[in-house]
Amino acid sequence: MIVLKAVLVSRDKDYIRAWLDYVQSSSSGEHMRFTAFSQWEAFRNHMTEQEGHEMPDLIIAEPEFLNPWLMNGGGATGVSWLMLSEGADEGHETNCLMKYQPLPVLLEAVRNAGRQPRSKRNQRPGQDTLAIAVLSASGGSGKTAVALHMAKQLGLAGYSVLYLNLETLDSSFPFLEKGLRQGSQQQHTDVETGLSRLLYDLKAHRREVTGGHLQGQGLRKESGSTKERGAGLQAANEYVVPHEPLKSDVFWPLANRKEMLQMSKVDTTDLIRYLADCGQYEVLILDGDSGWDERSNGILEAADTCVWLVEDDIAAMHRWGQWLQHSERTRADVLGSMLERTYFVINKYREQVMSPLPRPDLHVDAVLPYIPSWKQLNQEEVMLSSPIFQREVKKLCELLIQGEGEEERQTGRMVQQESRSL
């Protein structure tokens, strides 16, 4: 179960008791976990202990508690907050919550605040490459369109980007074919086998470095950088094709679908980690199937940030809820890690979300518009040239990059040139 973790801080112990009693008796209580304090020292010590561990999703506190916490670095933690106000001018109008209201109204305000976008944690902090997976529980949700637009917008912003399609049946080729053929004219003759060769080289190198003893454990058991990977692996640019319209590098799609079907979870994670470690790319855009196959599990494990797409219809919402429910039962640890890295996005959005979210503890971080003209696509340039969609994807990319943390961005983890801006 996905639980909203909140901290309530008030001098009034009766006020705290009323909150907790209501939450416990409410039908929404099973989706919330409150920790309450009435003294500054206990609150401060609790928040200090949580740093680097399981930070709460939301702080609800009176000014005398909240202001000192914010002034001592609390605002930099990425934790959302609400200030309990008695009507005086507290200086935080947008985050004020009137203290004395009916408890159902207060609880609804807490639920809404918990649904607001917030920074997601990076799975592997300190690395030079950000791997972004575009995921969904439903086929036809627009994963490939979103992934291609993200690659283009990040490429236009000055980042070195690789778009990696790992779908069983590659749906990106019609939109990339012209650029692929133009790019391959400047490359070596066997560029169309680049992904196939790299998969073979990675398997051969894994056998070499493991000596048959650690087979299936992944390259990172024995090798931490591209230089240590041996002569069997070439530079990444020997396997890829530059795609000028997409402003990114891409692989030529595999000619033999069996190679994709035979990719294991380890094959997938090794491929992504090689591309992340090769030193050539700042961003990887990962586009895979909607399912439970080995490749999908590998993408989910190796990605640093996930964009989870869902359409605003009852069937898609149901599948979203079913996916989460099954994951809670079968691999709760994987689900928890994924949720820390995931932004939920409504695709094909039309003015407002009409369908209820499958569970009250879920939230939407962003929306992408429905483009009617895409129903009659007959040229590859049309899908990649929608100004409205490009504008909204640019906003999504800003959210993802900003989610990596202000300090990391300023110290050069993502933004290394002044000319780079989204």
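These questions and answers cover the fold, helix packing, cores and selected residues of a predicted model.

In this predicted model, local features need pLDDT of at least 70 and side-chain atom pairs count only at pLDDT 80 or more, while totals for chains, interfaces and linings use all residues. Residues are numbered from 1 along each chain as its sequence is written, and side-chain values use heavy atoms, with hydrogens and water left out.

Q: How many helices and strands does the protein have?
A: Helices (H or I, at least four residues) and strands (E, at least two) are DSSP runs, numbered from the N terminus. On that basis the secondary structure comes to 15 helices and 13 strands.

Q: What percentage of the residues count as buried?
A: Buried means under 20% relative accessible area, exposed over 50%, and partly exposed in between (1.4 Å probe, protein chains only). The protein has 422 residues, and the buried share is 50%.

Q: What share of the contacts with a separation of 6 or more comes from residues 24 or more positions apart?
A: A contact means heavy atoms within 4.5 Å. For residues 24 or more positions apart, the share is 73%.

Q: Are α11 and α12 parallel or oblique to each other?
A: Axes are lines fitted to C-alpha atoms, for helices over the stretch in contact, and angles run from 0 to 180 degrees between N-to-C directions. Helix α11 (residues 314-330) and helix α12 (residues 332-340) pack at about 130 degrees, with axes 6 Å apart. Angles under 35 degrees count as roughly parallel, over 145 as roughly antiparallel, 65 to 115 as roughly perpendicular and the rest as oblique. So α11 and α12 are oblique.

Q: What is the orientation of α5 to α14?
A: The axes of α5 (residues 143-156) and α14 (residues 387-402) come within 9 Å and cross at roughly 75 degrees. That angle makes the pair roughly perpendicular.

Q: Which residues have the most contacts inside the largest nonpolar core?
A: A nonpolar core is a set of buried Ala, Val, Leu, Ile, Met, Phe, Trp, Tyr and Cys residues joined through side-chain atoms within 4.5 Å. The largest has 44 residues. Those with the most contacts inside it are Leu198, Phe251, Leu271, Tyr274, Leu275, Leu284 and Leu286.

Q: How many disulfides does the count come to?
A: A disulfide is a pair of cysteine sulfur atoms within 2.5 Å. Cys278 is buried at 18% relative accessibility, and Cys306 is buried at 0%. The disulfide count comes to zero.

Q: Is Glu351 buried or exposed?
A: Glu351 sits in the loop between β12 (342-349) and β13 (366-369). Its phi is near 70 degrees, a positive value in a residue other than glycine. At 76% relative accessibility, Glu351 counts as exposed.

Q: Which residues does Ser138 touch, not counting those up to four places away in sequence?
A: Ser138 lies in the loop between β6 (130-136) and α5. Ser138 is buried, at 5% relative accessibility. With that sequence limit, Ser138 touches Ser290, Ala316 and Arg319.
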